[in-house]
Amino acid sequence: MKAIQKKSTCLVSDRAYRAIITNCINVMTEKNVSADIFMAVIMAVKEYLETGRLEHRPINRVRNIFDLFRADIDLAIRRATSARKAAATR
């Protein structure tokens, strides 16, 4: 009997998702980012992890902070895509 696997709404694994969000929170806390910018960055990161793009144009400060994490997020998306592709061929 095959186990039913749930379809993730995110482009990365749950483990990578938690690691990315935790890293964002830690860096922004360390830099004393204001609360409104903090939440806007977290929402932008979540949106990017779920869709692979930013639907809304964030303000410059949010975009600058988001760009700090973008390389790691893109790498995690590429890894998850190749892992899912490899799992599908098994």
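## Helix 2 against helix 3

Helix 2 crosses helix 3 in a right-handed manner (right-handed if the near helix is turned clockwise from the far one by less than a right angle, left-handed if anticlockwise; helices are DSSP runs of H or I with at least four residues, numbered from the N terminus). In this predicted model, local features need pLDDT of at least 70 and side-chain atom pairs count only at pLDDT 80 or more, while totals for chains, interfaces and linings use all residues. Residues are numbered from 1 along each chain as its sequence is written, and side-chain values use heavy atoms, with hydrogens and water left out.

Helix 2 (residues 35-51) packs on helix 3 at about 30°, with the axes 10 Å apart (lines fitted to C-alpha atoms over the stretch in contact, with angles from 0 to 180 degrees between N-to-C directions). The two helices are therefore roughly parallel, a term for angles under 35 degrees. In contact (heavy atoms within 4.5 Å), I37, A40, V41, A44, V45, Y48 and L49 of helix 2 meet residues of helix 3 including R61, F66, R70 and D74.

## Helix 1 against helix 3

The axes of helix 1 and helix 3 come within 11 Å and cross at roughly 160°, so this pair is roughly antiparallel (over 145 degrees). Helix 1 contributes A16, I20, N23, C24, V27 and M28, which meet I65, F69, D72, I73 and A76 in helix 3.

## Confidence

The protein averages a pLDDT of 89, and 91% of its residues score at least 70, pLDDT being the predictor's confidence in each residue from 0 to 100.

Key: Angles under 35 degrees count as roughly parallel, over 145 as roughly antiparallel, 65 to 115 as roughly perpendicular and the rest as oblique.
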